[in-house]
Amino acid sequence: MIVVQDIHVTFGRGTPLEKHALRGIDLTIPEGEFVTVIGSNGAGKSTFLGALAGDVLAEQGRIAIDECDVTRWDTPKRAGLVARVFQDPLAGTCATLTIEENMALAAARGQRRGLGLALASERRNGFRDRIAALGLGLENRLHDRMGLLSGGQRQAVSLLMAALAGSKILLLDEHTAALDPATADFVLDLTRRIVRDNRLTTLMVTHSMRQALDYGDRTLMLHEGRVVLDVSGTTRAGLDVPHLLALFAKQRGGAEISDDSLLIG
Amino acid sequence: MSEIALFGAVEIGLVYALVAVGVYLSFRVLDFPDLTVDGSFPLGAAVCAVLLIAGVNPWLASLAAGLAGAAAGLVTAVLNVRFKILHLLASILTMIALFSVNLRVMGRPNVALLMQDTVLTPFYGLGLPDHIVRPLVVLVIVAAVVLLLARFLSSEYGLAMRATGVNARMARAQGINTDAHICSGIALSNGLCGLAGALFAQTNGFADVTTGIGTIVVGLAAVIVGETVLPARALLLALVGCVVGSILYRLAVQVALTADVIGLQASDLNLVTALLVAVALILPRLKGKSRAVRAAR
């Protein structure tokens, strides 16, 4: 469960480039809910995810994950509660470490790291089973460096890594944006599977309205640092992309949609 | 090259192998260009020499030298992660400060160790000539350090340290306190250099403030030569590569300086070193280019 109360984030305060990125977001996401987040460029989607993960600290407001007030916690401290997959396949893994080393890093997320071997043999076998379940044939490449994998493979492994250690919430920041359509579908299917199997409370930022409606239980639209649309249940089930566009236009006071990328897909 | 010169080169190569391994830790594992070693190496030598003269057990004195080096490294790391001073500049500040610290520790620019017991003393009486005993003892110490370090880097903690150097953002998202890992890693790196300084003082019989000059370049040269000769991805092999690189580097320098035909003098050492490092850095690039040209055809 995530409770967000009136959080504000400003970048470059007091400079000519000051940007009030989040302007009072109030939100309660019950345990196990899969929320998709859309919005045009600069709407504050990534900042919102960053605020949940601890990359940016809110200057006002409160964030609680599972009854735990994490408002002042930095990223490493929140890592026991938060798992993430980044947009850039290179960002979420260590390219020069092997696949199994990356998995070992993720398996210890949020835990004390001692002097025990990171890759004991029973652990290795556990990794092999997990990665075999992906069906990508990576189980025989555990010793390969992560950098040798394709973008799609890396995102698939990143998703797997996100579920290796227990966590309360999963943050996906446009994690399929850098992939070709077929690979993106595969990664999205995998996302659905992992979220369901681990009953993770999930926020998925996406640029595609289609994806936003097809996946998850609830859809948020951000605009200029505020939540302007919040639909779930039967209201959401009856929505299609044109409806969403119309709602979006209405929220913006009838202004035309100018961001082409929102219309794609 | 005489037999004594040969073993001498191997011995000094082994002493500097600890520097090479330390430099590998900072430059390669943590991706933190750290010049502190130019100060922590003579600091180790100074601390060890002073303690030996005071009658302290040589092993304890060597350990203290390592700890002193680690403390110096910690200063650099804290300047960087806590006070956001650029890593290169932070390490130069510490290095410069250590020059004065080393003079204070010794009370004068150099200290001779003439009659003092060293870690080598018990082994001199075993029947082998001194110039073979010295590299052998150092070899055993270096081997122990390399094995321990490889084991450390394979641990959960060590793996987190490696992740810190490769992708700090990812590391933080995995709950790794990257600042703490930089601090402990740079401290460990300089601790090894301090230990190298202690061994240097004990094998050569003196400590001198100026021995630190260019330590970083020598260490880097050893790392690069090692990577060229032993291009291994496996951790233990990479560390062994540093040791082999350090010995090969010393042998190359020895050959260059003793071959009368070239006409080099001992004072040309730093020039030869710089050239060697430059060539070692340029060669892989040229090799890559010629491969690309061939592929294009």
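Hi everyone, let me start with a convention: a helix crossing is left-handed if the near helix is turned anticlockwise from the far one by less than a right angle, and right-handed if clockwise. We will need that in a few minutes. What you see above is a predicted model, where local features need pLDDT of at least 70, side-chain atom pairs count only at pLDDT 80 or more, and totals for chains, interfaces and linings use all residues. Residues are numbered from 1 along each chain as its sequence is written, while chains are lettered from A and ligands numbered from 1 in the order in which they are written.

Let's begin with chain A. Its secondary structure comes to nine helices and ten strands; helices (H or I, at least four residues) and strands (E, at least two) are DSSP runs, numbered from the N terminus. Chain A has a radius of gyration of 19 Å, close to the 18 Å that the globule rule gives for 265 residues, so it is as compact as a globular protein of that length. For the record, that radius is taken over C-alpha atoms, and the rule is 2.2 Å times the number of residues to the power 0.38. The C-alpha trace spans about 60 × 40 × 35 Å along the principal axes of chain A.

How much of chain A is buried? The figure is 43% of its 265 residues. By buried I mean that 20 or more other C-beta atoms lie within 10 Å of the residue's own; 12 or fewer is exposed, in between is partly exposed, and the C-beta atoms are placed from the backbone. Two residues are in contact if their C-beta atoms, placed from the backbone, lie within 7 Å. Of the chain A contacts between residues at least 6 apart in sequence, 68% join residues at least 24 apart.

UniProt, in an unreviewed entry, puts "domain: ABC transporter" at residues 2–249 of chain A. UniProt positions are given in the numbering used here, feature names are shortened, and annotations may be inferred rather than shown by experiment. The end C-alpha atoms of residues 2–249 of chain A are 28 Å apart, and the span is 34% helix and 25% strand.

Do look at helix α1 of chain A, residues 45–53: nine of its nine residues are buried, so this helix is largely enclosed by the rest of the structure. Among them are A:K45, A:S46 and A:T47. Just after α1(A), A:G54 adopts a positive phi of about 105°.

Now over to chain B, which has twelve helices and two strands. Here 19 Å is the radius of gyration, in agreement with the value near 19 Å that a compact globule of 297 residues would have. The C-alpha trace of chain B spans about 60 × 50 × 35 Å along its principal axes. Of the 297 residues of chain B, 49% count as buried, and 78% of its contacts between residues at least 6 apart in sequence join residues at least 24 apart.

Residues 39–56 of chain B are 83% helix and 0% strand, with end C-alpha atoms 23 Å apart. For residues 132–153 of chain B, the span is 100% helix and 0% strand, and the ends lie 32 Å apart.

Here comes the helix pair I promised. Helix α1 (residues 3–29) and helix α11 (residues 235–258) of chain B pack at an angle of about 140°, with their axes 7 Å apart. That makes α1(B) oblique to α11(B). Axes are lines fitted to C-alpha atoms, for helices over the stretch in contact, and angles run from 0 to 180 degrees between N-to-C directions; under 35 degrees is roughly parallel, over 145 roughly antiparallel, 65 to 115 roughly perpendicular, and the rest oblique. And the handedness: α1(B) and α11(B) make a right-handed crossing.

One residue of α11(B) to click on is B:Y249. B:Y249 counts as buried because it has 28 C-beta neighbours inside 10 Å. Setting aside neighbours within four places in sequence, B:Y249 is in contact with B:G13, B:A221, B:A222, B:V225 and B:L276.

Last stop, where the chains meet. The contact takes 25 residues from chain A and 18 residues from chain B. On the chain A side, the largest share, four residues, comes from α3(A). What does helix α7 of chain B pack against? Its buried residues pack against α3 of chain A, together with α1, α6, α8 and α9 of chain B. Eleven of the eleven residues of α7(B), residues 156–166, are buried, so this helix is largely enclosed by the rest of the structure.

Thanks, everyone!
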